[in-house]
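I opened a new page for this protein.

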Amino acid sequence: MEDTYNNRTSLAKGAKDMVKEAKRHATKKVNKVVDRASDEYSSHHNYSRFQDEEDEDEDFYRNPPRQDGERYHDNEEGSSDATEGHDDEDEIYEGEYQGIPSAGDRKHKEGQVALGQPVSDATRDRKVLEEERQADEEELAQQYELIIQECGHGRFQWQLFLVLGLALMSDGVEVFVVGFVLPSAETDMCVPNSSSGWLGSVVYLGMMVGAFFWGGMSDKVGRRQCLLICMSTNGFFAFLSSFVQGYGLFLLCRLVAGFGIGGAVPIVFSFFAEVLSREKRGEHLSWLCMFWMIGEIYASAMAWAIIPHYGWSFSMGSAYQFHSWRVFVVVCALPCVCAVVALTFMPESPRFYLEVGKHDEAWMILKQIHDTNMRARGQPEKVFTVNRIKIPKQLDELVEMESETGNPVSKFFFRIKAEVNGIYLNLMKCFNYPMRENMMRLAIVWFTLSFGYYGLSVWFPDVIKHLQADEYASKVQLHSNERIEDFTFNFTLENQIHKNGLFLNDRFINMKLKSVTFIDSTFRNCYFDDVTSVGSFFRNCTFIDAFFFNTDIDDSKLIDGTEVVNSTFTHNKTGCQMTFDDDYSAYWVYFINFLGTLAVLPGNIVSALLMDKIGRLSMLGGSMVLSGISCFFLWFGTSESMMIFMLCLYNGLSISAWNSLDVVTTESFPTVRRGTGFGFCNALCKLAAVLGNLIFGSLVGITKAIPILMASSVLVGGGLVGLRLPDTRANVLM
């Protein structure tokens with residue numbers, strides 16, 4: 001009985017000593033961390049604390065404090081009588097007390113483990129693990145900022161800047177190529193008015209879905225890989241769309257091309273921000289935005305130079321036509337192809353690799369960045385001093401598995417479903433506290449800016465075209481009650497109206513009719529050979545004993561009760577006819593768009609230089625409010641020149657808002673959700689673009705009041721909301 005009591009007393013003393021030693025060890029460790037953190041921030045380049053902490057943790061769990069029946073001495077070495085003479089790293093000898101409980105104490109409560117042993121993640125709460133990962137990410141963010149500062153800003157960042165700039169340029173081209181080819185494509189493919197406008201909406205819808213999908217996928221499989229896939233998809237289907245003849249197939253190709261390019265914006269900004277230090281981020285992300293403007297200028301210049309040149313075309317019979325607008329589509333796909341080729345030579349984002357636990361791959365890329373920049377500076381002997389980088393705790397995810405017996409198609413769709421579900425769950429975390437309010441404000445700013453910008457971008461050119469059409473109609477020539485007999489028409493008739501005319505034994509040979517309307521006229525014994533008509537109609541006319549050879553006059557031109565009596569149609573032209581070689585009005589339309597894009601250049605330069613000086617939020621809110629105020633001056637836009645001036649002013653003011661919004665959005669999300677959050681905001685942008693196109697486009701020629709008030713209110717309101725966003729200038733990329 002007495003022996004049992006002594007054993008229990010000895011066991012209790014040993015346990016107390018072990019707890020005391022663990023407490024002393026923890027206190028000593030905290031003091032060391034504080035001292036090393038102070039040293040590190042004084043030198044700004046000491047990463048040893050991150051490595052030493054992990055080494056001490058491993059040593060503590062590998063060699064827990066040893067005890068025997070005697071008390072530990074509270075000296076610096078912490079040695080006991082039983083372990084005196086042994087080093088801390090000596091193995092525990094058999095017979096020494098190792099802190100293992102006796103058989104009667106082995107029944108632990110649920111969730112408890114032996115003292116001094118590491119706790120398995122499987123036995124720990126998910127919330128606790130997520131909190132630990134959050135702490136790891138905060139520590140990694142601080143360390144990564146110091147590493148990027150050591151790598152410097154130089155040749156590598158500028159190379160990546162040009163490559164990602166080509167990808168962003170492709171997105172700008174894709175947005176504007178639709179508006180430029182829309183009139184020509186719908187005319188060439190004989191699209192009725194009821195189906196016109198679908199091309200613009202379909203492309204934006206594809207970009208909306210692509211932004212959400214590819215942005216989310218970039219957080220799961222990597223920035224570079226996703227960008228390569230989405231850019232390749234866009235390039236292939238954009239090139240293919242230039243050769244298809246049917247309007248339905250053309251819409252499908254542009255839809256898939258839009259789905260591909262939709263991922264460019266969220267991935268490009270996330271990728272580039274992750275290789276920039278904090279003090280360089282605002283300015284250089286703003287310079288990157290300039291490539292989107294370069295894409296606008298490129299598309300406008302190519303449209304101006306190519307589309308009006310209708311001689312740049314060829315045909316294979318009457319079934320296959322390759323007009324100049326198709327050449328324009330091919331040329332606009334070139335930046336995308338160049339971006340894909342250049343991107344194959346660039347590495348993955350090292351920040352992404354660290355988030356997914358790939359330490360060695362991230363270290364090699366960071367060393368590549370350092371060595372590239374140092375060689376460019378003439379300091380190749382400078383050594384990359386980072387040895388160990390903090391890796392966030394990797395959490396296991398439950399993944400639903402597909403049966404191995406399924407066919408490849410079902411497996412593919414099952415994989416897509418699983419990936420979309422994962423993206424959705426990641427997006428829902430963006431709406432959790434404390435990001436919920438900021439996410440809602442960002443969504444409002446993105447939607448309002450896009451709605452006003454894209455809506456007015458459609459409204460401005462259509463209003464200018466409407467003014468041109470009114471001026472053109474005011475110059476129409478009216479001919480009434482004319483009688484023309486035995487005459488040969490072999491020249492172009494343009495902008496004329498013929499009423500109650502009588503044409504007897506006349507010949508219409510190798511001629512063109514442009515915006516010519518015949519009303520209540522009679523054609524008797526007339527011969528039509530190689531006649532081309534655009535915007536020309538025969539209303540309530542009568543054809544008696546007429547002969548048509550190689551003309552495009554068909555039922556679509558013979559309207560409002562036109563009668564054809566004893567007449568013959570032979571070898572009619574198929575397809576819809578494009579405008580003519582001497583039609584220079586197209587030059588003016590594309591030149592106006594070119595001027596509007598050039599007006600963006602000053603605003604882009606100013607925003608890049610002042611982004612870090614006056615702040616992101618001041619630039620965002622101020623630019624949106626000024627853009628909204630400038631819309632009120634549209635009341636005075638009664639002439640074509642005045643509308644062009646207002647277009648240039650609006651574009652120059654609004655570009656600063658776009659640049660600052662891209663920077664704020666990039667800095668607002670942690671690395672694991674940056675692509676998903678940015679992709680969601682960009683998807684809202686494209687949804688607003690579709691609504692803006694539909695609403696503003698339907699009001700052209702009807703009223704000025706509603707578009708002006710609508711654009712002004714949403715821009716000013718969105719700017720005021722943008723001022724309530726948190727300032728991200730001092731943020732490190734978590």
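I began with pLDDT, the predictor's confidence in each residue, from 0 to 100. This is a predicted model, so I noted the rules: local features need pLDDT of at least 70, side-chain atom pairs count only at pLDDT 80 or more, and totals for chains, interfaces and linings use all residues. Residues are numbered from 1 along each chain as its sequence is written, and side-chain values use heavy atoms, with hydrogens and water left out.

**Confidence.** I found an average pLDDT of 77 for the protein chain, with 74% of the residues scoring at least 70. Residues 40-117 have pLDDT below 50. Beyond near neighbours in sequence, I saw 94 contacts (heavy atoms within 4.5 Å) for this stretch in the model. Where pLDDT is low, the predicted coordinates should not be read in detail.

**Sheet.** I looked up strands, which are DSSP runs of E with at least two residues, numbered from the N terminus. Two strands pair if DSSP finds at least two bridges between them. Here 5 strands make an open sheet, ordered β4-β7-β9-β12-β15, with parallel pairing. β4 (483-485) and β15 (563-565) are at the edges with a single partner strand each, so one side of each lacks a neighbour in the sheet. I then checked β7 (residues 502-504) and β9 (residues 522-524): 3 bridges join them. L504 has R524 in β9 as its bridge partner.

**S712.** Is S712 buried or exposed? I read 2% relative accessibility, so S712 is buried (under 20% relative accessible area; exposed is over 50%, partly exposed in between; 1.4 Å probe, protein chains only). A polar atom of its side chain lies 3.1 Å from the backbone oxygen of G628. S712 also touches C631 and F632.

Terms used: Helix = DSSP H or I, 4+ residues; strand = E, 2+ residues; numbered from the N terminus. Polar contact = N/O pair within 3.5 Å; in protein donor to acceptor, adjacent residues only side chain to side chain. Lists of a residue's contacts leave out its neighbours within four places in sequence.
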